[in-house]
Amino acid sequence: QVRIVESGGDSVQPGGSLRLSCAASGFTFDYYTIGWFRQAPGKEREGVSCISSRGGNTYYANSVKGRFTLSRDNAKNTVYLQMNSLKPEDTGVYYCAARGTGGVQAMCASDRGINYWGKGTLVAVSS
């Protein structure tokens, strides 16, 4: 049974930091590109950051470049999203996803073709 479980979401003030985790099971984790998507209230879901199966390639949306860092530990079947200098516009539900084909940019460009989704974790940035 496939499971993707996100954790680490919280309420923080602008300028703060959070570390999201994505723990997966039930599929061959190191065969898959893993990505984080987010959906803000009233907006479409967008790709935030994606990492290749072995961690050699990463992609970041322009809105988070320089503030977010994505990494993965294949021995633990876990991906981490370190989020620094958080802004109110980073608010939303963050979803972890796995895709078996395509590169990091292709995965983050669209939520089509995703094989597995987590249920999401809420990040709220406000003063």
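1. Rings of Phe, Tyr and Trp (for Trp, its six-membered ring) are taken to pair if their centres lie within 6.5 Å, with planes under 30 degrees apart counting as stacked, over 60 as edge-to-face and the rest as tilted. By this rule the count comes to six aromatic pairs. In one of them, Phe27 and Tyr32 have ring centres 4.9 Å apart and planes at 75°, so the pair is edge-to-face.

2. This is a predicted model, in which local features need pLDDT of at least 70 and side-chain atom pairs count only at pLDDT 80 or more, while totals for chains, interfaces and linings use all residues. Residues are numbered from 1 along each chain as its sequence is written, and side-chain values use heavy atoms, with hydrogens and water left out.

3. Tyr32 is buried at a relative accessible area of 15%, where buried means under 20% relative accessible area, exposed over 50% and partly exposed in between (1.4 Å probe, protein chains only). The rings of Tyr32 and Tyr116 have their centres 5.8 Å apart and their planes at 45°, so this pair is tilted. Because Tyr32 lies in the loop between strand E3 (18-25) and strand E4 (33-39), and Tyr116 in strand E10 (residues 116-117), the pair ties together parts that are 84 residues apart in sequence; strands (E, at least two residues) are DSSP runs, numbered from the N terminus. Phe27 also counts as buried, at 12% relative accessibility, whereas Tyr116, at 24%, counts as partly exposed.

4. Ring pairs link Phe27, Phe29, Tyr32 and Tyr116 into a cluster. Arg72 lies over the face of Phe29, at 4.6 Å from the ring centre; a charge sits over a ring if NZ of Lys or CZ of Arg is within 6 Å of the ring centre and within 35 degrees of the ring normal. The charged end of Arg19 sits over the ring of Tyr80, 4.1 Å from its centre.

5. E7 pairs with E8 in the antiparallel sense over six bridges, pairing being assigned if DSSP finds at least two bridges between two strands, and Phe68 stands opposite Met83 in E8.

6. Thr78 lies in strand E8 (residues 78-83) and is buried, with a relative accessible area of 9%. Not counting residues up to four places away in sequence, Thr78 touches Ser21, Cys22, Ala23, Phe29, Arg72 and Asp73, contact meaning heavy atoms within 4.5 Å.

Note on methods
Helices (H or I, at least four residues) and strands (E, at least two) are DSSP runs, numbered from the N terminus.
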